[in-house]
Amino acid sequence: MTLLIGSITIGLIMALLALGIFISFRIFDFPDITAEGSFTFGAAIAASLIVAGINPVAATALAFVGGMLAGAATGFIHTRFKINPLLSGILVMTALYSVNLHVMGKSNVPLLSQNTLFTWFEDFSNNISGKDAMVNLIGWSVPARDLWTLCFCLLIIIACSLLLLWFFRTNIGTAMRATGDNDQMIRALGVNTKVMIIAGVALSNGFIALSGSMLAQFQGFADVQMGIGMMVWGLASVIIGEALISENSLGMVIAGAVVGAVLFRLLVAIALRWGMNPNDLKLITAAFVFIALVLPGIMKKTKKIKLIH
Amino acid sequence: MLELSNLYKSFNSGTINEVNALQDVSLTIEDGSFVCVLGTNGSGKSTLLNAVAGTFITDNGTIMLNGINITRLPEHKRARQIGRVFQNPFSGTAAAMSIGENLALAAKRGKKRGLSQVLSSSILRALKEKVKTLNMGLEDRLDSPIGKLSGGQRQALTLLMSSWLKPDLLLLDEHTAALDPKTAGKVIELTEQIVTEGKLTTLMVTHSMQQAVNLGDRIIMMHQGRIRYDFRGEEKKRMKVPDLLFLFDELRRKDQIDKRVAELLELEYV
């Protein structure tokens with residue numbers, strides 16, 4: 001049960017990543033691989049600032065800002081110099097690897113004895129439920145602090161989702177969605193699509209960096225390698241969410257991405273528990289996304305063939 | 001008033017595929033005038049429209065709209081003054097977004113977009129009224145994605161969108177070419193109604209001579225990047241489809257003569 005709660009908590013943290021990927025991939029149709037760098041960038045910023053004694057909330061907020069800057073760089077390279085989106089992302093991602101090493105000073109920054117967001121959640125739990133209290137959850141005895149941590153993460157992700165939902169319904173947010181849908185039309189309506197793309201990719205990477213900074217605080221370290229495979233991970237979450245929710249209203253799609261992220265993390269936890277080799281994780285994730293991308297097309301084809309015969 | 005003077009535009013210049021799409025085009029369109037542009041394929045009529053809209057920057061010449069020099073202005077900045085409807089019904093609307101959202105986007109054409117909700121109750125009421133004038137029953141379906149509508153319905157909505165805030169200039173780029181004849185007729189009817197009611201200055205590119213004869217107060221014929229004929233006033237009113245066809249034939253014959261003369265000269269002298 002403790003394992004389950006831990007997995008859901010990580011799933012919720014990864015839901016922020018999924019939201020970021022959702023913005024770039026689904027709203028802007030921009031295959032943004034900057035994610036791999038900005039995820040680590042967020043973790044690196046938060047970890048180094050926390051080690052330097054900065055308030056964890058401020059450190060996490062600055063991680064968000066850092067991610068936005070990385071995304072803005074990608075957007076700028078793409079729109080200003082007309083470099084293909086994928087290549088723009090690869091350039092920034094590669095550059096970020098060095099930046100991350102500089103920010104952290106070494107390849108791994110431990111946070112175990114530091115004050116992070118999650119030690120705050122623990123303190124809160126100790127104050128409310130008593131130190132090391134156990135709670136009976138439908139017959140299972142679980143540590144109260146794990147439950148409180150989960151609740152806080154849930155609160156954060158709900159707040160972020162609502163904020164995004166609100167934003168994408170404002171005049172400027174709607175113009176952003178239209179930029180991804182039909183840039184010719186929205187330009188004819190007086191919107192500078194270049195600015196929209198830069199701002200959108202920045203927002204996306206802000207969320208991704210936020211996700212990275214929270215994961216670093218949760219697991220107690222930031223590592224320069226932790227971003228590898230994160231784009232595909234986020235994409236897998238978004239795809240699961242879309243499969244679950246057939247409706248395409250904005251609110252449901254955002255909720256889908258969040259639920260998809262939690263579900264995907266659970267699937268991974270179960271697979272690892274059943275003895276899957278952790279080294280195979282990325283291979284299987286990639287295969288999963290590949291199948292999810294190809295399957296709808298194949299199903300359509302077989303349907304057509306059936307109709308013909 | 002739209003004033004084009006000595007516009008030039010060539011594509012792929014310096015290569016073997018060089019196309020001189022606009023050559024020394026000068027044109028003045030008075031306020032409230034409705035101009036139809038006719039021309040053969042590749043005559044430069046769509047290029048002319050796109051040059052005004054700002055899809056690209058022209059090589060030479062100036063474009064003035066209501067006294068403002070817009071020659072070097074990017075497309076999205078010209079949108080403050082210009083409303084557009086495209087040939088492809090899918091180009092003028094964002095398919096995944098709802099009818100309401102699409103219209104609300106148009107209600108802010110060329111204006112600052114802030115952090116207020118796009119579908120405020122006042123906007124919703126206004127756009128319901130607007131959509132009702134189409135008589136298509138779409139006012140009850142404002143929440144459904146615009147991509148589910150037919151090409152004709154989408155084109156009608158695009159017309160409504162481009163003229164919501166009165167534009168200084170309305171650009172119509174063969175906006176009925178992709179529709180079936182019956183729907184095209186309806187969209188043309190709506191076009192006429194919107195243009196007349198709003199007294200809009202309009203530049204319409206069309207391939208249909210019938211439309212050019214029936215609509216507007218001026219016909220311009222383009223050929224090989226140049227304006228070859230310009231009929232207005234009484235002269236325009238007298239124009240019939242056969243007259244236009246005859247002129248097209250003449251233009252084509254002149255082309256052939258050019259080539260034949262060239263061949264003759266070649267035989268004689270080379």
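Predicted model: local features only at pLDDT ≥ 70, side-chain atom pairs only at ≥ 80, totals over all residues.
In it, 19 residues of chain A are in contact with 24 residues of chain B. Chain B holds a six-stranded open sheet and a four-stranded open sheet.

**The six-stranded sheet of chain B**

- The strand order is β6-β7-β8-β3-β9-β10, and the pairing is mixed.
- β6 (82–85) and β10 (226–232) stand at the edges of this sheet in chain B. Each has a single partner strand, so one side of each is left without a neighbour in the sheet.
- On average, neighbouring strands of this sheet are turned by 20° against each other, direction ignored.
- Strand β9 of chain B, residues 218–223, pairs with β10(B) in the antiparallel sense over six bridges. Within that pairing, B:Met222 has B:Ile227 of β10(B) as its bridge partner.
- Helix α5 of chain B, residues 151–163, packs on the sheet and touches β6 and β7 (169–173) of chain B. The direction of α5(B) makes about 175° with that of β6(B).

**Strand β8 of chain B and its partners**

- Both faces of β8(B), residues 202–205, are covered. B:Thr202 and B:Met204 are buried on one side, and B:Leu203 and B:Val205 are buried on the other.
- β3(B), residues 34–39, runs parallel to β8(B), and four bridges join the two. Here B:Val37 stands opposite B:Val205.
- β7(B) also runs parallel to β8(B), again joined by four bridges. In this pair B:Leu170 stands opposite B:Thr202.

**Helix α5 of chain B**

- α5(B) is mostly covered, with 12 of its 13 residues buried.
- Among the buried residues of α5(B) are B:Gly152, B:Arg154, B:Leu157, B:Leu160 and B:Ser163.

**The four-stranded sheet of chain B**

- The order in this open sheet is β2-β1-β4-β5, and the pairing is antiparallel.
- β2 (19–29) and β5 (68–69) of chain B are the edge strands. Each has a single partner, so one side of each lacks a neighbour in the sheet.
- Strand β1(B), residues 2–11, runs antiparallel to β2(B), with seven bridges between them. B:Leu2 stands opposite B:Ile29 of β2(B).
- Helix α1(B), residues 45–53, lies across β1, β2 and β4 (60–65) of chain B. α1(B) runs at about 65° to β2(B).

**Where chain A meets chain B**

- The contact takes in 19 residues of chain A and 24 residues of chain B.
- On the chain A side, α7 (171–181) and α8 (183–188) each supply at least two residues.
- The largest share of that side, seven residues, comes from α7(A).
- By class, the side of chain A that touches chain B has eight nonpolar, seven polar and four charged residues.

**A:Thr174, a residue in contact with both chains**

- A:Thr174 lies in helix α7 of chain A.
- A:Thr174 counts as buried because it has 26 C-beta neighbours inside 10 Å, and the cut-off is 20 or more.
- Leaving aside neighbours within four places in sequence, A:Thr174 is in contact with A:Phe168 and A:Arg169 in chain A. In chain B, A:Thr174 is in contact with B:Glu101, B:Leu105 and B:Val118.
- A:Thr174 and A:Pro56 are 118 residues apart in sequence. Their C-alpha atoms are 33 Å apart in space.

**Helices α7 and α9 of chain A**

- α7(A) packs with helix α9(A), residues 193–219, at an angle of about 100°. The axes of the two helices are 10 Å apart.
- That angle makes α7(A) roughly perpendicular to α9(A).
- From α7(A), the residues A:Ala175, A:Met176 and A:Thr179 take part in the contact. They meet A:Thr193, A:Met196, A:Ile197 and A:Gly200 in α9(A).
- By class, this contact has four nonpolar, three polar and no charged residues.

Note on methods
Residues numbered from 1 in each chain as written. Chains lettered and ligands numbered in written order. Pairing = 2+ DSSP bridges. Axes fitted to C-alpha atoms, helices over the stretch in contact; angles between N-to-C directions. Contact = placed C-beta atoms within 7 Å. Nonpolar A, V, L, I, M, F, W, Y, C, P; charged D, E, K, R; others polar. Parallel < 35°, antiparallel > 145°, perpendicular 65-115°, else oblique.
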